[in-house]
Amino acid sequence: FNHGDAIHVGSGTATPPVLILGGTEDTLTIKGNSSNDTYFIGVGAINGGTEYGTLKMCDGVTITGATGNNYFGGAVTVAGGGMFEMKGGTIEKCGIDGGSVCFGGGVAVINGGEFTVGPDANNQGNSCIETNNGQVTINGGTFSSEAAYNGKYYVLNVTQTQGGTGFITVTGGTFINYNPATGDDALGGSFVAKGYSVVEQTTDGTTTYTVVKGVAVTSAQNFDQAIQEAIDNGSNTIYAASTLTLSSNVDGQGVTIEGPSSITLSDNAQISNMTFANNPSGVAVDVAGSGITLEKVTVDAAVLKGVNVGKNATVTIKESNFNNRGYGVYSNGGSTTIEDCTFDKNLTYAYNGSGSLIAKKCNFNGWMSGWSLSGEFEECTFNYGDKWYPAAVCYGTTTFTNCTFGKHGYPLLDQSGNISQNKISGTTYGYDYSVSCGAKDITITFTNCHYSDGTSFNTDVFKRQLGDGKQDPASVTIDGITYTDMEIFQINKE
């Protein structure tokens, strides 16, 4: 395309047009050429008057080589009445004297995509996103300018010509060699919205600035201060930009911890009233010392391991909820006590690993196994989950006292010892809860336990050689009656 009327989205009619670029598996490249015409893609009243229109850009779309003069030289120009929504795609190498994306009196919402702008004819830097009277909101994406102007990269810019009143608000995204918290070069201030902060990282001479929700923290010394700041600014969120090792008592006051790094707890640390969420590192809390307490914490969202217990660590977890997608608690050999906690149906393993486990008044849903040293369960409830079969596989001597096991009329194993196809309607793993054994010579004891449907408690609760529990225990005791012949627990094969 040449510039000028290459693409124009706008109309004065009662039904404004909407143009969607991309949104399928196909790719679309829109390539401009050098010219001094006014605009390349225009949205709204580019030529004056009253016009309305919306342009939406998605993944798979590339706009490149759109050049022109003034601030109409960018890839997309949004004038009054125009709306630009970008969810993905790439805008690159656009602009001679203008920006990669520039806005007149229109509105833009950018949720993703990649933006680069090349230098002008004098090899000086351009603005990647530029506005004079427009309103720009950036929630995501990557933004850069290939060249500096007077030593500064003008990635975001508000022009002050002719009394411009435009503004830019940033709640997400990554900016190369430019900190959006520094705001406009002439107006100052900050483009970063209240309740958000910037994480700075330098690699091979290039500095990136990523905008995140909450208060970014890189040092444990600043943790308490960050909690108060997060509460004061209303975000109630802390972003752990690096691994934080806590050794004192910390009351989170209800804040949420996010970020790429975990929280490590050393000897005698106590944390309470926090939610751990959206942590791609795989671990929310690393328990690395002894005498550690977690109270009233929630592990949520994309976390593989909620609490990771070290080999020689000791931890007590009270009144907490585990809603993450992998392991609620994973032990590498330490000692774990869990009281009044709930493990959601979304977990693959409520508990897994080795070490010793004491659980009181807990609600376990789905599969759990381990506690190779010993396991003690008191007043706990066991029921099916949504991610794996409902069973507790014991690897150490285990006692169940005053516990309730879910019974729904669907045995986990069929007459041939295979996983049954019976299921509660709409629930993949809605079987009766079972206990099995994963190590030789251990004992398993049930005292005053119950089924959830009120039927009489019996030997059905124990299943021989279930899942990874392929070993026979030395004995199984149910309300004072001890069984040493494991044939009684064998599935009745025809």
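**Note on the predicted model: rings, sheets and single residues**

1. The structure holds 30 aromatic pairs. Rings of Phe, Tyr and Trp (its six-membered ring) pair if their centres lie within 6.5 Å; planes under 30 degrees apart count as stacked, over 60 as edge-to-face and the rest as tilted. One of the pairs joins phenylalanine 343 and phenylalanine 364, which are stacked, with 5.0 Å from centre to centre and 20° between the planes. Because phenylalanine 343 lies in strand E34 (residues 342–343) and phenylalanine 364 in strand E37 (residues 363–365), the pair ties together parts that are 21 residues apart in sequence. Strands here are DSSP runs (E, at least two residues), numbered from the N terminus.

2. Some notes on the source. This is a predicted model, in which local features need pLDDT of at least 70 and side-chain atom pairs count only at pLDDT 80 or more, while totals for chains, interfaces and linings use all residues. Residues are numbered from 1 along each chain as its sequence is written, and side-chain values use heavy atoms, with hydrogens and water left out.

3. Buried means under 20% relative accessible area, exposed over 50%, and partly exposed in between (1.4 Å probe, protein chains only).

4. Two lysines sit over tyrosine rings. The charged end of lysine 305 is over the ring of tyrosine 330, 4.1 Å from its centre. Lysine 407 lies over the face of tyrosine 451, at 4.4 Å from the ring centre. The test asks for NZ of Lys or CZ of Arg within 6 Å of the ring centre and within 35 degrees of the ring normal.

5. An open sheet of six strands runs in the order E2-E5-E8-E11-E14-E17, with parallel pairing. At its edges are strand E2 (18–21) and strand E17 (167–170), each of which pairs on one side only. The twist averages 10° from one strand to the next; the axes are lines fitted to C-alpha atoms, and angles run from 0 to 180 degrees between N-to-C directions. Within this sheet, strand E11 (residues 107–110) and strand E14 (residues 135–138) run parallel and are joined by four bridges. Isoleucine 110 has isoleucine 138 in E14 as its bridge partner. Two strands pair if DSSP finds at least two bridges between them.

6. Three strands form another open sheet, in the order E38-E41-E44, and the pairing is parallel. Strand E38 (368–370) and strand E44 (434–437) each have a single partner strand, so one side of each is left without a neighbour in the sheet. E38 pairs with strand E41 (residues 391–394) in the parallel sense over three bridges, and glycine 370 stands opposite cysteine 394 in E41.

7. Which residues does threonine 336 touch? Leaving out residues up to four places away in sequence, its contacts include Val309, Val315, Ile317 and Tyr351; contact means heavy atoms within 4.5 Å. Threonine 336 is in strand E33 (residues 335–339) and is buried, with a relative accessible area of 0%.

8. Most residues other than glycine have a negative phi. Asparagine 150 has a positive phi, near 50°. Asparagine 150 is in the loop between strand E15 (142–145) and strand E16 (156–158), and it counts as exposed at 66% relative accessibility. Glutamine 253 also has a positive phi, of about 55°. Glutamine 253 is found in strand E24 (residues 249–258) and counts as partly exposed, at 46%.
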